[in-house]
Amino acid sequence: MGRRVLVTGAGRGLGFALTALHLAAGDEVYAYEYALSDELEALKMSHAGRLHIYKCDIGSTQSVENAMSALVEKGGQLDIIYNVAGLYIQGEREKGLAQTDLDDGMDMYNVNGVGLLRVCKAAFPLIGKGTLVVNITSEAGSITACDRAFEYMYCISKAAANMASKLLSNELHPLGARVICINPGWMQTQIGGERAADSPGSIPPEKSAKDILGIVGRIDKIPHSHMFMWHHGTLLPW
């Protein structure tokens, strides 16, 4: 029997790639997306009955609760929750503090730092022994490894996501559930920006998704203390 998998940000990029791979593996996927894409609808046509699509803005508690209500009512347990959906304001990339609009940046904090908690809170009745929560955060959230002097609000939002993940891990551990944080790499996506498309240091989201599934597939062999890592499995410092 296939696994029950929830993916946020499933309409494009990494979320779409993870959705496609799990469907190919025979799993049942609940795809949540802020702006539904033609690609996701086409995928549903070829996987009738195993792909369920919901419009969901993880920056809104009401939107998340509305999207999750049918799944919670259905009951059962989720095997994997992928918190992929995120927000990046491209103008942040080269701005120092003097040029940073801190108020605009709160949108990133709301989505990146708090959104994954909204999803897990709404899905809490579906989390139990063996559930794996995979939070897509970023090396930008590592305090120890930080060498930036810009991208203030994005980095803050990802550091918040890491702390949220650690707190959630502590709470879910007695239930037999697990939480990990994955840095997916500099992906050739909308969030990656124009520079990622031409950089030899970037990767397609499909490659990152395959690597992440490799981690998920061997999660029982990875120590619980290994919680924050690259998509290829190398540990990252908090």
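Predicted model: local features only at pLDDT ≥ 70, side-chain atom pairs only at ≥ 80, totals over all residues.

Residues are numbered from 1 along each chain as its sequence is written, and side-chain values use heavy atoms, with hydrogens and water left out.

**Exercise 1.** Classify Arg148 and Glu151, and describe how their side chains meet.

Solution. Arg148, at 24% relative accessibility, counts as partly exposed, while Glu151, at 4%, is buried. Their side chains form a salt bridge (a side-chain nitrogen of Lys or Arg within 4 Å of a carboxyl oxygen of Asp or Glu), with an N to O distance of 2.7 Å. Glu139 joins Arg148 and Glu151 in a network of salt bridges.

**Exercise 2.** Which parts does the pair Arg3 and Asp27 tie together?

Solution. The two side chains meet in a salt bridge at 2.9 Å, N to O. Arg3 lies in the segment before β1 (4-8), and Asp27 lies in the loop between α1 (13-24) and β2 (28-33), so the pair ties together parts 24 residues apart in sequence; here helices (H or I, at least four residues) and strands (E, at least two) are DSSP runs numbered from the N terminus. Arg3 is partly exposed at 31%, and Asp27 is buried at 3%.

**Exercise 3.** How many salt bridges does the structure hold?

Solution. The structure holds six.

Conventions. Buried < 20%, exposed > 50% of the residue type's maximum accessible area, 1.4 Å probe, protein only.
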